[in-house]
Amino acid sequence: MALIELNKNGIYCAEADVYIDPWRSVDKALITHGHSDHSRPGHKSYLCTHASVPIIKHRLGSKINIAGIGYGESIMVNGVKFSFHPAGHIIGSAQIRAEGKGEVWVISGDYKTENDGISGCFEPVNCTHFITESTFGLPVYKWKKQSKVFDEINNWWSLNKSLGKTTIITAYSLGKAQRILHNIDSEIGKIFCHGAIAKMNNAIRNSGIPLKDTLLIEKESKPQDFAGHLIIAPPSALGSSWMKRFKNVSVGIASGWMMLRGARRRRGADRGFVLSDHCDWDGLNESIKATGAENIYPTHGYTQIYSRWLREQGYNAQPLETEFEGESLEKKEE
Amino acid sequence: MRLFADLFLELDQTTKTNEKVAALSEYFKNAPDQDKLWTIALFSHRRPKRTVTTKFLRQWAAEVANIEPWLFEDSYHIVGDLAETISLITPKKTKSSSLSLSDWIIAIKNQVGHSEAQKKEFVIDAWSSLDQEETFLFNKLITGGFRVGVSQKTIVKALSKLTGKEENRIAHRLMGSWSPETESFKHLIVDDNPKDDLSRPYPFYLAYAIDKEIEELGAVKDWQIEQKWDGIRGQIIKRNNEIFVWSRGEELVTDKYPEFENLKLLPLDNFVIDGEILPFKNGKPLSFNDLQKRIGRKNVSKKLLLEIPVILMCYDLLEYDGKDIRELNLVDRRKHLTEIIMTKNEVIIDIPLHLSQELVFQNWAQVTNAREKAKRDGIEGLMLKSRMSTYKSGRKKGEWWKWKVEPFTIDAILIYAMRGHGRRANLFTDFTFAVHDGDKLVTFTKAYSGLTDAEFLEVTKFVKKNTIEKHGPVRMVKPELVFEVAFDDINPSKRHKCGLALRFPRMKRWRKDKEAEEAGTLFELKSLLEQKQSRPLD
């Protein structure tokens, strides 16, 4: 039996009786990061990075039994050594390394290779077995440098401001929203946040990670109060009644899916910015190579296609059918 | 190319006509004349002849991207657009190019007669000197099909803004068989042209679908009731013994329907008729499918003219003896219309004008029956027009109504799915449906429209999880989902395995309440056809 196997509850290490990002209730869960498809409610105990603790508590309630661990620190569970390593996906995100029975496994969780300035810097970890995400595992997905994308976003906001328009950008409440906040040019105007994002920001600030000040959208505010300013909203706000209160708006979506013209047009937004917290094609290939692993297990995304490609490159690659929501075109997309 | 790429990006980023017009006007101000002309040509479906096949483009793209052909093809199926896939998959540009849109078009044209190796060198060199958006457009120049939601009207508006000329005049100038290779922007658009006024059409008066009970319209005798013809709306102008044919959407289509040149033989001149261009042979209308063979053609062959001749089913007169008579009521306008059509009887040569006959009823119950019968006869419905109505511009409520027949429907099982293109790339949207035939399933139609994006997304998830077989881009799925498929007409067909062909099939709704066993049968479809055929057309 291998050190890590998949069962109905999730990715499992029998030797230590520990799960990684399980999707059904278990006793011991190691969590890569705070997104809802990776950290689910109902486990008896949670272990994650220090920075993830307040995030997961904010999402799942303060009563859960949760402990934090530092990057690079390790714990022994029944002879298996587990450690957490930066994944660069969102604040607190980690890859989890497991060593035992002469095998070294790394479960990537979600990750990206470009340092976004706020999510830590991805480090390839040497291993023999690598479970990798493959959300954007197709050669058409190639990201521009983050600085270029933010130039585009800043220019768009400035243009809207000159036209007296309100700028609304949609981004996932955990991760993308803070990344935008961290990198946007706040000299252009005021920054407002949707309630869900404001609450998440506060949870993160309370854990000692500084974020720029943002304003709340008050009930009694009028559409003209937002003219020239920026509002960060979750993707679920698109087309909602919440959105209708703003007039004369330009709406942008920040997501890796915006790479494709069809996806941009289908959303009916004014602008699509290609900004993802996942690896692009080159990022995946380089990261896999850097781990030195021979056995690769792509999880969510274009797993079949990507596995075939890896096999042709000489890897021993098999898709792993997890319940993570890598490829998703819905509102909660990343 | 950069200027054109910026324009394309701007057009692509907005759905608002005003913003599109503004982007085009700005472009027309700055672009070289020859580029302007090509832009107009490309957006009105005049594209240069294809000199490189897509088979080669795919092969070369995979090669320069250093990937196997299967990975290129899989990526293409997911992206849903060949030009875009290539632009995303090929490496970043390594040099720059200052060639304009027209320069590139000429370069592409010049590939005619070149060897495969020469073409390959040219294409790969282009990819490495253009950025992603420019590469996309370069590929589109080769493969054709610019879908940016720019209508002829949008272009006309922008040019009208640029030149200060009336929109109708511009529209007229853009019609016909000009080519950017032999035409200049100045001659086509800017210079004065005395023919502008002669060809000027009137805006069409359009009817709404009736939104009330038929009895609420008042007395039957106050309404002129006609069959709703299944062709394309058209306006025929005869002025100074010249003929112009306009279709709805203000497109000048004179060249496509040379039949109407015969109107020159009528002694009357200076009139404008509103009616329906219909395929018509041996005293009967042909099907809309037949007309489609004519609509698509720019140059009509003699054979096609004999096979599918058209007429104008006339229902209104807007100008008579050089005078605008739109303010007269329908009764008076029709009197003049009848006069014109009567004079044709005095001419020996066939003039393709027919009068849309008035249907006479005593009460609304009879009208309702006629509509029911229309469905069985494969007729679209009825038109109801108030006898007192003047001829208005655009879609107006109150005096003109269309009363369409309800479509046929059948519950059908989804068995094949394909990804859509363009806006619907990455979603499974192109479906093939089957009905029961004993213990077998037999396919009978495809349908692409009628579901919301959210529903398409849900079906897409189903398709991904329930694929039985893959044949290239086509997925065969578990026969589980049932949809109510609506269609306007049903006819026998030798081309289809089931022996039937539907007109305008679409998904009316997703029957989540139904199991596959409860879906319809081939027998049901055949009985619909028999019912229809047992009623002779009168």
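Tutor: Before we start, contact here means heavy atoms within 4.5 Å. This is a predicted model, where local features need pLDDT of at least 70, side-chain atom pairs count only at pLDDT 80 or more, and totals for chains, interfaces and linings use all residues. Residues are numbered from 1 along each chain as its sequence is written, and side-chain values use heavy atoms, with hydrogens and water left out.

Student: Is B:Phe456 buried or exposed?

Tutor: Start with its surroundings: B:Phe456 touches B:Arg424, B:Leu427, B:Phe428, B:Thr429, B:Phe431, B:Tyr448, B:Leu451 and B:Met507, leaving aside residues up to four places away in sequence. Buried means under 20% relative accessible area, exposed over 50%, and partly exposed in between (1.4 Å probe, protein chains only). With a relative accessible area of 2%, B:Phe456 is buried.

Student: How many salt bridges does the rule find across the interface of chain B and chain A?

Tutor: The rule wants a side-chain nitrogen of Lys or Arg within 4 Å of a carboxyl oxygen of Asp or Glu. A:Asp270 and B:Lys16 form one, with their closest N and O atoms 3.7 Å apart. Across the interface of chain B and chain A, the number found is three.

Student: Which helix of chain B gives the most to the side that touches chain A?

Tutor: Helices are DSSP runs (H or I, at least four residues), numbered from the N terminus. Those giving two or more residues to that side of chain B are helix 1 (2-12), helix 5 (69-79), helix 6 (82-89) and helix 17. With six residues, the top contributor is helix 5 of chain B.

Technical notes:
Chains lettered and ligands numbered in written order.
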